[in-house]
Amino acid sequence: MKADSSSNTNDPNSDNENDKQNMWNPIFINQNPVRYMSQQQQQHQYQHLPQNLQHQQQQQLTQEYSNSQQMAFVNPWMAATDDSINYSPLYSTAPPSTLSVLQESDEHPQKIPCFDNYNYDQRRKSSIIIPPTREPAPNPYLQEYYNGYPAPVFQLETNEMMNQQQQYNPNYFICNQPLYQQSGDSTFSIADPTMSFSNQDLTMRQSVGPEHFISDHTNSNQYSKNGKSTQQLISYRRLSAFPQTNGFHTLQPPMYISSEYRKSSMSVSPKPLMISHLKQCHSKADLEPVMNQTPKFRRASLNSKTISPLIALTKGLITTYSLCSPSFSYKTCKNPKRVLTKPSDGKFNNGYDNINSDYILCVNDVLGTEQNRKYLVLDILGQGTFGQVVKCQNILTSEIVAIKVIKSRAEYINQSITEVKILKFLNQELDPYDKHHFLRLFDSFLHRNHLCLVFEVLGKNLYEVLKQNRFHGLTISLIRKISSQLLDCLCMLKDNKIVHCDLKPENILLTGSGKSEIKVIDFGSSCQESRTLFSYIQSRFYRSPEVIMGIPYSTSIDMWSLGCIIAELFLGIPIFPGSSEFNQLTRIISCIGNPPAWMIDMGKSSDKYFIKIESDEETECNKYRLKTIEEYNTEFQKKEIKSKLYFKWDNLSDIIENYRFSKELQKSPVAFEQEKKDRRALEHFLSGILSLNPLERWTPQQALMHPFITQQHFSGDWYPPGFIPHVGTSPSNQDFNDTIMNNNDSHFHRSNTLQDMSPTKRLG
Ligand SMILES: Nc1ncnc2c1ncn2[C@@H]1O[C@H](COP(=O)(O)OP(=O)(O)OP(=O)(O)O)[C@@H](O)[C@H]1O
């Protein structure tokens with residue numbers, strides 16, 4: 001070991017040649033470096049052996065492995081490039097899973113084949129000290145062995161085991177330790193059960209893209225335009241929350257390990273696991289950290305400064321690799337780029353854009369060219385109909401921001417210019433002190449034909465919050481806090497006659513301040529009340545009945561969306577998860593009741609969904625009924641099916657009242673009583689917001705006064721000040737409800753599972 005005070009000994013990645021040459025300590029170097037085989041080679045060779053021979057060799061391998069007293073330092077670079085090496089037959093026949101363990105452990109000197117042309121001198125000079133073999137840690141996936149029992153040395157899998165595994169579930173195979181699911185040519189971990197809802201979301205939770213905005217002035221019938229159906233349009237739209245279902249996030253124990261295998265593993269190395277002695281604590285001094293002496297043979301040394309093997313193989317990995325192979329050189333520019341955009345093939349805009357006209361973004365890309373407008377791309381935050389949102393750092397100021405990179409198509413850019421205008425107005429004119437929960441826009445610029453909007457960076461959206469909560473509802477006090485902030489925001493919008501047009505959980509983000517503070521984002525579909533040009537707006541689950549029926553709309557459509565969002569926050573899943581507009585309307589009507597006849601009379605699209613059953617010319621009072629699924633399918637050549645019901649009860653108040661009480665609430669009678677009172681107030685609050693008649697629907701100002709928000713005593717009845725119920729000329733509620741209810745059987749079948757909605761069974 002050489003001490004060189006002139007070299008930068010603190011830097012484990014030092015490029016100093018002396019450092020490298022003096023790192024090797026001959027005492028601890030095994031003369032037989034391991035040859036690394038590719039997984040394919042291993043599998044191939046293993047599969048061709050007869051089964052009894054495989055078993056015999058596995059045992060031999062296990063025995064030799066446990067007997068080994070020395071470790072070899074393995075140079076992955078040499079091994080990966082040298083093809084002229086003869087493999088040990090033992091290695092070539094080991095089962096794939098075993099070999100993968102061996103590759104990682106570097107602990108098999110006896111079985112290591114020779115490198116004919118390997119330069120041992122280089123290794124002998126090393127001062128990296130390799131400790132003698134010690135007992136491997138117990139396998140945490142074999143839980144029986146974990147608590148104090150000897151662990152199997154490593155996991156072997158015979159073909160028989162693999163077969164049994166596959167018989168048990170053909171989709172799973174044991175891959176060393178974690179359990180993976182195989183799908184096509186990609187391998188991923190067992191799907192998180194909470195992800196099951198996402199698939200449905202892909203087609204249902206989307207907002208409407210500008211190419212699908214249908215102007216009332218051009219064509220009122222969104223279905224007949226271009227001959228495209230809603231279903232066809234949906235396929236072009238994208239999920240706003242970036243799907244995160246492909247991550248390797250679930251590690252599961254193997255599903256099956258035979259008892260024979262366990263016994264054989266036990267017999268290999270039955271040494272008891274040492275558990276460190278626990279001492280009683282008498283004084284503060286006992287809590288002082290104890291520095292153990294540097295264990296002999298347990299440290300690697302770099303120019304007299306000792307570094308641990310951990311540092312040598314993490315922080316100091318580059319130096320370690322350089323020492324292993326003089327030809328190894330590391331340059332960050334050669335690093336593979338992490339692409340954030342999917343699909344990532346360049347199709348348009350000189351190869352900068354993918355097939356969806358999304359800019360292909362990679363980590364460490366720079367957006368913007370001007371001095372103070374250069375942003376380093378760090379990660380993806382979300383994806384939506386209009387483009388992608390990425391976390392970036394201003395190169396000049398180091399400020400972290402969120403940049404929404406809009407698709408390079410004209411219709412998206414134009415609509416986003418409106419978003420910029422509205423946000424500027426909201427930020428600068430309406431809410432200069434940032435008190436009313438609007439997203440802050442800092443800047444906007446063009447980058448390679450993409451409009452980039454620079455926002456403050458926020459936290460999780462409410463859909464992600466629910467998902468993280470395994471689609472269980474949030475507590476009433478949290479719902480109250482979120483609702484009052486949203487109402488405050490909607491008050492500002494209503495006062496200034498601005499319609500958001502796309503309120504949904506994905507567009508409400510926690511600020512990340514830790515105070516359940518939220519902000520409303522995505523004003524890309526917003527408009528002024530006087531310029532409601534489009535009739536195909538709002539994400540379906542949150543779409544108001546007047547928009548579905550084609551009635552002129554106002555800021556009250558945002559109140560409808562708010563009602564749906566609050567109900568979802570309570571229930572954990574959407575209250576009206578319609579699979580089509582017809583299905584959406586059916587769900588709304590069966591839960592809340594019928595719309596007044598004047599709405600049906602007035603709606604441009606009403607005749608798609610309703611049939612007139614009675615017309616009284618004198619009173620001009622018409623009666624309608626919802627079309628049956630068969631009638632609707634025949635008329636429009638659709639394939640609507642009975643929709644699944646996810647709640648045991650039909651109407652809103654029963655759903656809220658009977659929704660599952662958490663175990664904590666059930667334990668405390670006081671909390672239980674309070675919850676029941678809160679639920680009654682919530683139910684009444686929602687009934688005012690989710691009024692089918694937009695003229696009777698409470699305004700945000702009215703809703704803010706409701707006892708659910710103010711937490712005043714709720715007696716069971718409450719009217720907002722100055723509220724006069726509109727007396728419609730609709731058929732009597734009873735008549736209509738009878739019709740609807742008679743139709744209900746044909747529209748719904750009750751779901752016994754919430755598979756499409758949520759991972760857990762929650763029937764109300
Ligand atoms: N400022 C921000 N900070 C953190 N995440 C953000 C921010 N803005 C947006 N996101 C994330 O990106 C997602 C998509 O953003 P946004 O809704 O603005 O895009 P969009 O293309 O308009 O989507 P949509 O399909 O809803 O119209 C959001 O759901 C959110 O998760």
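The hairpin of β10 and β11 has two residues between its strands, and within this hairpin R448 adopts a positive phi near 45 degrees. Strand β10 spans residues 441-447, while β11 covers residues 450-455; helices (H or I, at least four residues) and strands (E, at least two) are DSSP runs, numbered from the N terminus. The two strands pair in the antiparallel sense over six bridges, where pairing requires at least two DSSP bridges between them. Within this arrangement, D443 has V454 of β11 as its bridge partner. The model is a predicted one, in which local features need pLDDT of at least 70 and side-chain atom pairs count only at pLDDT 80 or more, whereas totals for chains, interfaces and linings use all residues. Residues are numbered from 1 along each chain as its sequence is written, and side-chain values use heavy atoms, with hydrogens and water left out.

Rings of Phe, Tyr and Trp (its six-membered ring) pair if their centres lie within 6.5 Å; planes under 30 degrees apart count as stacked, over 60 as edge-to-face and the rest as tilted. By this rule there are 16 aromatic pairs. The pair of Y375 and F445 is stacked because the ring centres are 5.8 Å apart and the planes lie at 10 degrees. This pair joins distant parts of the chain, with Y375 in strand β7 (residues 375-383) and F445 in β10, 70 residues apart. Both residues are buried, that is, under 20% relative accessible area, with exposed meaning over 50% and partly exposed in between (1.4 Å probe, protein chains only).

A contrasting geometry comes next: F386 and Y412 form an edge-to-face pair, 5.6 Å centre to centre with 90 degrees between the planes. Here F386 belongs to the loop between β7 and β8 (387-394), and Y412 to helix α15 (residues 410-430), 26 residues apart. F386 and Y412 are buried. Over the face of Y412 lies K407, at 5.2 Å from the ring centre; the criterion is NZ of Lys or CZ of Arg within 6 Å of the ring centre and within 35 degrees of the ring normal.

K404 counts as buried because its relative accessibility is 8%. The unreviewed UniProt entry annotates K404 as "binding site", though such annotations may be inferred rather than shown by experiment.
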